[in-house]
Amino acid sequence: MYWLIFVLLTGVFELSAINSIDSLLIELDETLLNGHLYMEQKEHRLNRLKIQLEQELSPDKQYDITYRIIDEYKSYMSDSALAYVDRNIRLAGRQNNMAWLIRAKLQYAFVLSSSGLFIEAESILKSIPQKSMDKEMLVDYYKGMELLYININIYQEGKQIALTNYKESIREYRDSVLYYLLDNAPERLFYQFLLADSDNKSDSALAYLKSYLTTLYPGTHEHAKKMYSLSMLYEKTGDTEQQIKSLILAVMSDVKDAVKENRALLDLAIWLYNQGNIDRAFAYIQYALNDANFYNARFRYFEISKALPVITSAYQQVNVKHNHNLKIKLYIFSALFFVMLLLAALIYKAALGKAKKKLKETNENFEELNNNLNRLNHELSEANHIKEEYIGYFIDLCSEYIGSLEDYRKTVCNKIAAKRFDELLRFTNASSDKANEIKELYANFDRAFLNIYPEFIPSINKLLVKEARFDIKKGDLLNTELRIFALIRLGITDSAKIASFLRCSLQTVYNYRSKIKRNSLDELKDIEEQIRKIGLPHLS
C-alpha cells in the first residue's frame, strides 16, 4: 500500500502537479551530478552478488546468482554482461539443463540487441527451439524479438520499406507476448497500451499505460522505459509539456538505476537544442555519449552521432559569442576602472578636506561630551554624598524613635506595675502626642526629600499647566498632594500604601492622582512616569 502511495505522489501523477519543466530540469541536473553515487550503489550490489557466487557450490544457486548478476549488468555494462552470460551457458551445458540454456540465451540476445549486434542477436534467438520453452520463456522470447526489431527500426530510420515490414513484425510479437502472459500479470496493461497505441486509440492507450505505471517503482529501469513510452504517446497527442516532463522523469529513473543503455537523455538533449537551451543540450548529449561509451552500445553511437555535431557546433558558436562579449565587457570595465580611479583621486582630495573639518567637529563634540560626562560624574558624586548623609540621618531618626518607644514601654510597664490603670488609659489615648509625632514624621520626610531633590517642586510645575502649578515658598514644606507625588518619585505607586502612610482615605489619593493627570501638559502621555524621572542625572 505504501509503495503505491509513493508512486502516485512521485510517479506519473506528478505530471499534473505544479512542477514546471524548468524545476524538473533543475532536479535532473542535480540527479546527473550525483550519477557517480548511483553507480557506486550498483557496483556495491554487484560486488555482494559476486562474493555470494564465489562462496556458493550448488550449481542451481550458482546459476541463479549469475542470472541476477547479468540482470544488473545487461543495461549497465554490456561486456561484463556477456561474460557472465557465457558463464551460465557453459554451466547449463555441463548440467545438461535445457531450461537454463534457453534462459541464458534469451539474456544473451537482449545484450547483443542492446549493443547493436543485431545479426548475432537474431541468430541466437532463432537458434532456440520454441517447442522446448514454457509460457514464461515464450514471453521472454517474443519480448526479445520485439526489442530486436525495435532497435533495428531505430537504426534504419528513414528506410520506409524496412520500417513498414519491421512494424508489422513488432505488432505480431506483441500479440504473441500478450497471448502467453498470465491473465493477472500487470504487464498485460503495458502490451494492451502498445496495441491500442498502434491502432491510434490514444485515450485507451493512455489509460492502460497510467494503470501499469502505478505498479512500478520510480528510480528503476522498468519505470524509465515506461515513462519514455508515455513521453512518445504525449508527443503523438501534441501535449509537449507532458511529453517533456515524462521524458525528464524517464531520464531521472535511468540515472538513479545506473542504466547506461538508454535513449531518453538523447531525445531530451535534442529537444533542448531546438528550444535554444544550448548549454544544457550540450551537457546532456555529452552525458549520453559517455553512457554509450561506458555500455559499449554501438547503435547508440549512430543515434548520437547524428545530433552531436549540430549541438556541438551550436555550443561552440555560443561560446565564441560569449567570449566576444566577455572581451567587450573587459574593455568597458577597464575603461570604467580608469575613470573610477580618476574620480576616486578627485573624491579623495575633496573628502580629505571634509574629513579634516569633520575631525575638528568631532573633536569639539568629544570635548563637549567629556564636559557633560564630568558634570554627570559630579552630579553622581553629589548624589552619592546626599544619600550617605541621609542614610546616617535616618539611622539617627530610627534610633531616636526606638528610644522614644523604649521610654513609652517603661512608662506603660511602671503604671501597670503600680496598678495605675486609669492613668495608663489616659496616657495611651493621648491624641495630641500621636498627632505631634505624625506631624514630626511628615516634617522630617519633607526636609529629607527636598534636600535630596531640591528641584522637585519646580520640576513638578514644569509638567503642569500654568494655572495648576504649586506656589510653595522657599523653606516651606510639602503639602499632602506633593507628598503623594514625592512617594511616587520614590517608587511607591500603590494608592493603598500611599493612603496608609499619609493617614488619608484611598479616595483622596485617587482624586489627587486624577487631578494631576487632568492638569498635565498636553504633550505628556504619562505624567507619573515623568515624575519618577525627576532628579535623575542626564546628559544635555
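Axes are lines fitted to C-alpha atoms, for helices over the stretch in contact, and angles between them run from 0 to 180 degrees between N-to-C directions. The model shown is predicted.

**View 1. Packing of helix α4 against helix α5.** Helix α4 covers residues 59-73 and helix α5 covers residues 78-95. Their axes lie 9 Å apart and form an angle of about 160°. Angles over 145 degrees count as roughly antiparallel, so α4 is roughly antiparallel to α5. The crossing of these two helices is left-handed.

**View 2. Residues in the contact of α4 with α5.** From α4, the contact is made by P59, Q62, Y63, T66, Y67, I69, I70 and Y73. From α5, S78, S80, A81, Y84, V85, R87, N88, L91 and Q95 take part. Sorted by class, this contact has 10 nonpolar, six polar and one charged residues.

**View 3. Packing of helix α20 against helix α21.** Helix α20 spans residues 480-489, and helix α21 spans residues 495-502. The two pack at an angle of about 130°, with their axes 11 Å apart. Because of this angle, α20 is oblique to α21. The crossing of α20 and α21 is right-handed.

**View 4. Residues in the contact of α20 with α21.** T480, R483, I484, L487 and I488 of α20 meet I498, F501 and L502 of α21. By class, the contact of α20 with α21 has six nonpolar residues, one polar residue and one charged residue.

Methods: Residues are numbered from 1 along each chain as its sequence is written. This is a predicted model: local features need pLDDT of at least 70, side-chain atom pairs count only at pLDDT 80 or more; totals for chains, interfaces and linings use all residues. Side-chain values use heavy atoms; hydrogens and water are left out. Helices (H or I, at least four residues) and strands (E, at least two) are DSSP runs, numbered from the N terminus. Angles under 35 degrees count as roughly parallel, over 145 as roughly antiparallel, 65 to 115 as roughly perpendicular and the rest as oblique. A crossing is left-handed if the near helix is turned anticlockwise from the far one by less than a right angle, and right-handed if clockwise. Contact means heavy atoms within 4.5 Å. Ala, Val, Leu, Ile, Met, Phe, Trp, Tyr, Cys and Pro count as nonpolar, Asp, Glu, Lys and Arg as charged, and the others, Gly among them, as polar.
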